[in-house]
Each structure stands twice: as C-alpha cells, then as structure tokens.
Number of protein chains: 2
Amino acid sequence: AKNNNHAAFRKLFLRLHVKDQGDLFQALYPQNQKKVEQFLEPDEFAELFEWMDPLEQKNVYEVFSDTYIATLFPYMEVDNVVKFLGYLTHEEQNKILSLLEADDREEITKMLLFKSESSGSVMNKGYVTGLEKTTVRQALEDIRESAKDVEMIYYIYVLDEEGILKGVASLRDLMVKPPSQTLEDIMITQVAFVNVDIDQEIAARLLQKYNLIAIPVLDAVKKMVGLITVDDVMDILEEETTEDFNEFAGISRKKSKDVEDGVWGVARMRMPWIIILIFMGMISASLIGSFETTLNEVVLLAAFIPIITDAAGNVGTQSLAVAVRKISMGETSSSRSIGRILLQEFFVGAVLGLAAGSVLGLIVAIFYGNTILAIAIGISLLITLSISNVVGAVIPVLINKLNIDPAVASGPFITTINDLIGLFIYFSIATQIIHLL
Amino acid sequence: AKNNNHAAFRKLFLRLHVKDQGDLFQALYPQNQKKVEQFLEPDEFAELFEWMDPLEQKNVYEVFSDTYIATLFPYMEVDNVVKFLGYLTHEEQNKILSLLEADDREEITKMLLFKSESSGSVMNKGYVTGLEKTTVRQALEDIRESAKDVEMIYYIYVLDEEGILKGVASLRDLMVKPPSQTLEDIMITQVAFVNVDIDQEIAARLLQKYNLIAIPVLDAVKKMVGLITVDDVMDILEEETTEDFNEFAGISRKKSKDVEDGVWGVARMRMPWIIILIFMGMISASLIGSFETTLNEVVLLAAFIPIITDAAGNVGTQSLAVAVRKISMGETSSSRSIGRILLQEFFVGAVLGLAAGSVLGLIVAIFYGNTILAIAIGISLLITLSISNVVGAVIPVLINKLNIDPAVASGPFITTINDLIGLFIYFSIATQIIHLL
C-alpha cells in the first residue's frame, strides 16, 4: 500500500505545473510534507523549491532534513541558492554548506559575500558564451547543446580570451544571418550591463528601459561573471515597489533576513516611526498649548483642528505619492528646474485650497452661523494647502538630489510637518480675529 | 548646407539606441523637432515613436502633420498604435484613421472597441503559429523566416484549422528535439492564456506567476487573437502600481485619455477626496463640539488632538499599505480566516499602542506634571491604536472579498475613520476622569 501511495502521488504530482505543485505542497499537513522528501527525487523537488517564496522555503527547511536540502542545491540556479541561504543564520548556513562538495561550496560562499540587493547577489550563471571568431553555425550548435541545462539561451555573449565582454548577439540574429559569418560580424558592441556592486534595482530599470530579456553582470575589469534575467527583474521590481510602499507608510525597510512574520516581527518594523512621530507630535501639542489664551476664549476652535491637519496631511501625501513614483521610475526632472516644480505645485495646492476652503467656509457659516469663523477657517485652509502641497512634492525631490536617505521623506514625516504648518497658520489667523468672534 | 545638415543629423542620430534617440528628440526645440519629419523615414521614426511615453507622443502629435503620423502606423505594433490613439479625442482618431488603408483601419478600429485596460486592448499580433502536423524542421524554418519582422519568436503557438489554440512549443524545445517530430509530439498542451476581455493586470500576474515571456490572448471560442509579451507586462505592472499608489493617497484613477498634466488637470484628479474629506472632517468637528463642556474645563486637552489622530492615522496607513500590497500581488488569504487576521492585527496594534502610549504618557507626566492626564492619554492611545490597526488591515480585505470598489479603502478614508475612533475614545476617557484633573 505504501508503494502504491508513492506511485500514485508521483503520478498525480508530477503532472502539475511546478507553481501548482507548490500550492498543493503548502496545503499538506507537515507530517505529509515530510513524506515528500521520500517521494520526490532532489532534481524534482529542486525546481519546485526554487519557485517557493521565502516563507514557504523556510517552512520546507523546518520540515526537511539538512541533507536533503543540500542535495537540492546542485539542481538549483546559484542565485536562488544564495537567496535562500540569505534567510538563514550563519550557523544554519554553515551546517548546510558543510554538506556540499568543495567547488559548489566555494561558488556559493563567494556569492554570499556580495552585498544584499547588489546585482552580484541576484545574478545567475546560466548563459551561453562565444568568442569573436566563433561562426554563426558554431554558435547555433553551442546554443542547441546548452538548451537543456542553461536558463538563458536567447542571447549569446561574446567574450575575449580573458572573459571580458565584447558584444552580444541574439538567437534571433543568429537565425537570420549567414552561418559562415562570425560573431564579431553580427554582434552589437554597445551592450547595456551592470557592475556586480550596483544595486539590483538599477539593473532592473536598465533591463526595463531597453526592453531586454537579460542583462550581463560584469566585475571591475569588465569580465562577465553573471546574468540577470527578466523573471528575476520582475521579482526585483516587485520587491522594490513593496519597499517604496512601506517607506511611504512609515514601515522600516525589511532586511532580507527577516522572514519572520509574527506579531512581534511586524510590530518591530513599524515601531520606529510611530515613536518618532509621538515626539514630533509633542511639538504640535506645544504649538497648540502656546495658543491656550485664544483657545480659552473660543473653545470651538479646537473642533476644527482635525480638519485642518487632515487636509494638510492628505494634500501633502498626494503630492508625495506622485513624487515618489516619479523618482522610483527614474523620471529625472533635469529638464524642469526645481523652481518651476515649486511654482506648479504651489498653484495646484492653491486650487485645492480655494475649493476646500470655500466648501468648509460655507459649511461652517451655515451650521455654526459664524461668518467670521467661517472666513478665518476658509483662509487658513487656502494658505495651508498651498504650502503643504509644495512640501509634499519638493522635499523628496530635494532629498533625492542631495543623496540623503529618502526614508526621511516618508509619508508620516511629511504629514507631521504639514500638521505643524497648518496649525500655526490656523491659530495665528484665529488669534488675529479673536476679538471679532 | 541643408543637405549636409540632413546627412549629419541622420548619421549621428541613427547610431544611437532608440531610447537615447528619444531623449535627444525631446531635448530639441519644437521648430527643430518639426524638421525631424523631413530627416527621418517613417520606419525609422516609428520605432522611436513606439518607445515614447504618452506625454511625449502627444507632443509629437502636436508638432508633426497627421499625414506623417499615419504613415508611422504600418511600422508599429498594433497595440502601440491603439494605445496612442486612446489618448486622442474621437475626432482626432477619425481624422488619422481616414488617412490609413482600409484593412489597417479595420484592424485598428476593431481593437479600439476593446475595453480600456482589457487584455484585448494591449495585445499585439507579432507571433509565429504552426499546425499540429507541422514538423520541428518546418517550424524552425518558419521561425527563421519570421525572425526579421515578428516581435516574439521564442514560442511557436500550435493552432488547429479554425485557429483554436491547441498547444505551445518553445524555440528551446524545437532546438533540442529531433527535426522529424511534429509539433503535436513536443508541444505543451496546458497553456496559460487570457481571454480578450480579462483585465490586463490579470494577464500580467499570470505571465509573472509562470515565468513566461509571452502569454496568448484568446477570444470566446478559444481562437488565438493576440499575444501579450513580457515587456508589455512590465509596463502594465508599472501602470497598475502607480494606480495603487494613487489610490492609496486618494488620487482619482487616471483615465487613459487624460494625458494632460497642467495645474488644472492635476488638481481635478486630486480634488474629489479632498472635498469628501472636508465633509467627513465635519463629523470630527461635531464630535469634538459635543465634548465642549469637557474642553471648556481643561483646554489643554485640545493640545493632544493631533497626536491622537496622527498616531491612529499612521498605524492605520501602515496596516493598509501591507494589505494593499498583499491584495495587488494576488496573495489571497484563503488559508487564513478573517478572524485570525483580525486577531493578529489587533495584537500588533496593541503592542504599538502599548509602546506609544507609555512613551507619550511619560512625556506628558514629565513636561506637564500631570499624572492623571498622562495616564488618560496613554490609555487612549493604547485602545485607539489597537482598533485602528484592525481597521486599516481588515477593511481593504473585506472590501476585496465583497467585490466592492477598493477605492473606498484608500488611505485618507481609513485615516479619517481612525481619527473619529481616536477622538471618541480620547474624549470619552477624558470626560470620565475630568473631575480628577
């Protein structure tokens, strides 16, 4: 019966697409997941393992034996092995690495030394190379022979004897050119590439910009040491977008080590900004406190504090969102001066402020029957939104130009700055007209 | 001299990568841009035109003659033509379409009928097909012949006589299989595909999920009518991410028609939420107004309104950001019940609330020397953050499950809800302990 199970499982399981195999595997109970170790050969499970996300891989790591995990590595792309090992502690890494053969271990150890999120840490080795004198006929034959094992066969990279990148030819070109020509005759020599130390996001943007399906990674002397492919790039862009989103919401940058997900893990990532903002909020509190005399005379003024701060915050967040997207999509604003941006954003804010101020003024005039208060609030909103829109749009651009850590431009920070501006304007105007109220 | 200019420009310009040609073109003055119409042949400019973003294309449309624009179309991918036409008014579209030959016009008109952002509206026609009985040798020959004009030559799609999709074989497979085998022998029959009416984002996610470089588009009877390629998918994901970002910041969904960018265009997209929030803010104002007696006794309470609302807003925004990313990346939470999510988020909020509440309580106790007020504010923050974290995380998930327009879950909306919750808790607690202050 056990052998039957074995065969039945294999028959059913191996017919599925690897992504669906993954979903099925995750749905199993741990004791049944453990059995998969006996049911599937390392080369069969390796493919599935490569497709899993970090949390799922960590789960497999908990259930499976280290020995089985180590046997998977030779069947995996080296960038995926390195990525997986990145989620483990140094002791766990060493334990598994010690089970590998010497040259596998050496290659992996070398890649683990690249900085996390550098191009070197995400590149893989599955590509085809040729020499300048290689004929088109020979190149096509080389590609045919590599096609079974190599990830990227749609480009052939032309290297000299030292391994330095001289050019690239696409499989498409090889197919249409006369077989007797050499790679030197047909190759493109102006090749987009990245250095091993360059941030992975730059590699991704470059590939996207030139509509490539792979981009070569070179070392300091322009030797080709790896390749980043379009499917890696989509994962990288996904990751970077999530980082943008988190930064925008004031969540700390997730280190690749942190796969943990529980209450404490999540709270720890989100804590820093919340606490910083409490301190910044104390400035608002002092500001309001300094207008205590005004407030004492017209307590109703307090009722509009949230409207003023929320409107300022929202307008700032909107212009911040647009600015963050522009920056992260690499839309430089070189053609437009900071001055022009500033003026445009000021006018946008003024239009929004005029609309919002008129509406709020009207409501207050009708509901509270207090025209003076209505005008004061309306004008406060007009001025506040004009300024806070500029703050939201310009601060991230400035920070980016000055090469300061853009985390400072995260949403909650901008919101708090705009709160202060709004409160100051509101209470200053209110204090001026208090004798009329 | 004029001819010299002509030749010199062509020599310099045509040597550049098309993306760099675009940057150079944009840097020219309009009167010089106009000259490019005479300097470059339609097939040369068409490639460059395809790479431009909507605003740049619109700029070319303003400068160039309609006749020249129309001559570009036969050299462009049909999806790019359709996309460009989508930015024009109906009259402008018709004017250009009338300059085309009948069958080009018909094909484009058919595609213009697809809903904006549907798979049908972004697909292109550049792919290779074969029949089940086609041999591998013949298929390779077909690909070789198509390689010059066809965008995607790395897959061959196997259709029956009616054009219904039966399978797919990769160029990689063709290269390693015996030339005498037929496509039927080697093709994969379980092909990932999308229907013409399906949202482009679903096509993009499917391609990403299965690591494909193209995904076929089928009509209602499974006839293959087009293809979406990986470079289109990267643009689609970029577009969808920008939409998520905007939604998150309360900016209205940008219609593909709106390429305009000026002060009015921007303000109009951002206006709706700002005005809605003014009305919602009036609820906060009334709530605070209803605690006027409490406020009158201790005006200092007003000073902490921004801290309470900002903290509630930020915590809600953080959990919203995480939820929005999970939903848009297609991470369904089927395996985890709403109940479990709710509990986890509550505890995360409680941890954050405990930390923030303790810090704020301590500061207030020290700076204002008022222990009772300190305790009241600390407890308010604890309760508020526990609840607002749940609100930020659960509302978008619920809305997604109920298939309501997720725009309702945008950042400013969640922030305002959380403001109300925070203010209510804060003033309720303050009112209870007012006699102790």
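Modeller: Just after H14(A), A:Asn211 takes a positive phi of about 50°. Keep in mind that this is a predicted model.

Biologist: Which residues of H14(A) are buried?

Modeller: A:Gln200, A:Glu201, A:Ala203, A:Ala204, A:Arg205, A:Leu207 and A:Gln208.

Biologist: What caps the N-terminal end of H14(A)?

Modeller: A:Asp199 does. One of its side-chain oxygens lies 2.8 Å from the backbone nitrogen of A:Glu201.

Biologist: New topic. How many residues of chain A and chain B are in contact?

Modeller: 104 residues of chain A touch 103 residues of chain B. The two chains bury about 9000 Å² between them, with 70% of that on carbon and sulfur atoms.

Biologist: Which three residues supply more of chain A's buried area than any other three?

Modeller: A:Arg172, A:Met175 and A:Phe245. Together they supply 9% of the area chain A buries against chain B.

Biologist: How many salt bridges cross the interface?

Modeller: The rule finds four between chain A and chain B. A:Asp20 forms a salt bridge with B:Lys209, with the closest N and O atoms 4.0 Å apart.

Biologist: Which helix gives the most to chain A's side?

Modeller: Helix H16, residues 263-290, gives 19 residues to the side of chain A that touches chain B. By class, that side has 63 nonpolar, 21 polar and 20 charged residues.

Biologist: On to the cores. Which residues have the most contacts inside the largest nonpolar core?

Modeller: A:Phe45, A:Phe73, B:Phe45 and B:Phe73, in a core of 160 residues. Beyond its neighbours within four places in sequence, A:Phe73 contacts A:Val81, A:Phe84, A:Leu85, A:Ile96, A:Leu100 and A:Ile108. Another core, of 81 residues, lies apart from the largest one and includes A:Ala302, A:Ile308, B:Met282 and B:Leu287.

Biologist: Last one, A:Thr416. Buried or exposed?

Modeller: A:Thr416 is buried, because its relative accessible area is 3%. The residue sits in helix H21 of chain A, residues 411-433.

Biologist: What does A:Thr416 touch?

Modeller: Leaving aside neighbours within four places in sequence, A:Thr416 contacts A:Leu277, A:Met280 and B:Asp310. A polar atom of the A:Thr416 side chain also lies 2.7 Å from the backbone oxygen of A:Pro412.

Conventions. Residues are numbered from 1 along each chain as its sequence is written. Chains are lettered from A and ligands numbered from 1 in the order in which they are written. This is a predicted model: local features need pLDDT of at least 70, side-chain atom pairs count only at pLDDT 80 or more; totals for chains, interfaces and linings use all residues. Side-chain values use heavy atoms; hydrogens and water are left out. Contact means heavy atoms within 4.5 Å. Buried area is the accessible area (1.4 Å probe) that two parts lose on being put together, summed over both. A salt bridge is a side-chain nitrogen of Lys or Arg within 4 Å of a carboxyl oxygen of Asp or Glu. Helices (H or I, at least four residues) and strands (E, at least two) are DSSP runs, numbered from the N terminus. Ala, Val, Leu, Ile, Met, Phe, Trp, Tyr, Cys and Pro count as nonpolar, Asp, Glu, Lys and Arg as charged, and the others, Gly among them, as polar. A nonpolar core is a set of buried Ala, Val, Leu, Ile, Met, Phe, Trp, Tyr and Cys residues joined through side-chain atoms within 4.5 Å. Buried means under 20% relative accessible area, exposed over 50%, partly exposed in between (1.4 Å probe, protein chains only). A polar contact is a pair of N or O atoms within 3.5 Å; within protein, one must be able to donate a hydrogen and the other to accept it, and residues adjacent in sequence count only if both atoms are side-chain atoms.
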